[in-house]
Amino acid sequence: MITLLESRAVNKRFGGLKALTDVSLTIRKGEVYGLIGPNGAGKTTFFNVLTGAYAIDGGEFVMNGAELPSAKPHLVVQHGIARTFQNIRLFRELTALENVMAGHHIRSSAGVWGILTQSRAAREEERLMQERALEILDYVGIVRHADTVARNLSYGDQRRLEIARALATEPQLLALDEPAAGMNATETAGLRTLVETIRGDGITVLLIEHDVKLIMGLCDRVAVLDFGKKIAEGTPAEVQRCPDVIKAYLGGHRAH
Ligand SMILES: Nc1ncnc2c1ncn2[C@@H]1O[C@H](COP(=O)(O)OP(=O)(O)OP(=O)(O)O)[C@@H](O)[C@H]1O
């Protein structure tokens, strides 16, 4: 098994609150890795420091053997990491196609100068980008909505569009923050099939999810966070039997 991403003793504080304490985990190439835990456990914070939205306070992330820059989202994308958000963040007034092309521009080589001058090379690149964006929309199953404005898409299709936009950056690691939140059973089943296809095509998936059935069915391995610390790691079946995990989910003041 080849390691794709390692977090080494990652720490993040918000004032006096330790949101992540020495979180170390290893994600292997080609797996679906689940990150679970009760509310406020630090899952989204982990995504935010990984993808450069927040500066890291200690430790490091290593992707393909190279240390990731801290607090530099654009550079993290160039290392092959793309993400979606817990609360959908699309360009609501742009079409589905335009949303995916926005993701693609991050990889564009024509650059701003080429786009401004509309050079032939830039126009050709734009055409290829549009072709590729349509392929990606087809891949996630919403190409028929290519010209629909994002805010008019159904909830499930907006989530698919977020995934399409992330895929447009050609990631090696796709990080999905609660992709099934708010989905009905049919949409969730469709999402599961899509993630399985993505894994089948060689893209590693890191998944935050509260839907236990989805986690159990989809993930190769899972890490459990509680109060910012990793309390378990293993296959979903192993983790489910772990006494600390049962305590974290069932015990005390937080119901989830
Ligand atoms: N920007 C921030 N400023 C201050 N505190 C924050 C910030 N972001 C997160 N926190 C705090 O850090 C802790 C971890 O939050 P985080 O959102 O990472 O948890 P989570 O596991 O993703 O929870 P949920 O499942 O509810 O989304 C919480 O106590 C939260 O209030």
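Me: How many residues does helix H5 have, and what does it reach from its first C-alpha to its last?

Reply: This is a predicted model, in which local features need pLDDT of at least 70, side-chain atom pairs count only at pLDDT 80 or more, and totals for chains, interfaces and linings use all residues. Residues are numbered from 1 along each chain as its sequence is written.

Helix H5 spans residues 120-140 and has 21 residues. From first C-alpha to last it reaches 30 Å, close to the 30 Å expected at 1.5 Å a residue. The expected span is 1.5 Å times one less than the number of residues. Helices (H or I, at least four residues) and strands (E, at least two) are DSSP runs, numbered from the N terminus.

Now its sides. Ala133, Ile136, Leu137 and Val140 of H5 are buried. They cover an arc of only 95 degrees around the axis, so they sit on the same side of H5. The arc is that of the directions from the helix axis to the C-beta atoms. An α-helix has 3.6 residues a turn, so residues three or four places apart point the same way. The face turned away from the buried side carries exposed residues: Arg120, Ala121, Glu124, Arg127, Leu128 and Glu131. Buried means 20 or more other C-beta atoms within 10 Å of a residue's own, exposed means 12 or fewer, and partly exposed lies in between, with C-beta atoms placed from the backbone. Just after H5, Gly141 takes a positive phi of about 90 degrees.

Positive phi turns up elsewhere too, at Asp22 and at Asn64. Most residues other than glycine have a negative phi. Asp22, not a glycine, has a positive phi of about 45 degrees. Asp22 is found in strand S2. With 15 other C-beta atoms within 10 Å, Asp22 is partly exposed. Asn64, also not a glycine, has a positive phi of about 50 degrees. Asn64 lies in the loop between strand S4 (58-63) and strand S5 (66-67). It is partly exposed, with 15 other C-beta atoms within 10 Å. The C-alpha atoms of Asn64 and Thr3 are 7.2 Å apart, although 61 residues separate them along the chain. Thr3 is found in strand S1 (residues 3-14). Leaving out residues up to four places away in sequence, Thr3 touches Thr26 and Arg28. Contact here means C-beta atoms, placed from the backbone, within 7 Å.

Next, the domains. Domain 1 covers 1-80 + 171-256, and domain 2 covers 90-169. These bounds come from an automatic or database domain assignment. The two C-alpha centres lie 26 Å apart. The contact takes ten residues from domain 1 and nine residues from domain 2. On the domain 1 side, helix H2 (73-78) and helix H7 (185-200) each supply at least two residues. H7 gives the most to that side, with three residues.

Last, the ligand. The residues around it include Phe14, Leu17, Asn39, Lys43 and Thr44. A residue counts as near if its C-beta atom, placed from the backbone, lies within 6 Å. Strand S2 (17-28) and helix H1 (43-50) are the elements that give two or more residues to this shell. H1 gives the most, with three residues. By class, the shell has four nonpolar, six polar and one charged residues. Ala, Val, Leu, Ile, Met, Phe, Trp, Tyr, Cys and Pro count as nonpolar, Asp, Glu, Lys and Arg as charged, and the others, Gly among them, as polar.

Notes: Two residues are in contact if their C-beta atoms, placed from the backbone, lie within 7 Å.
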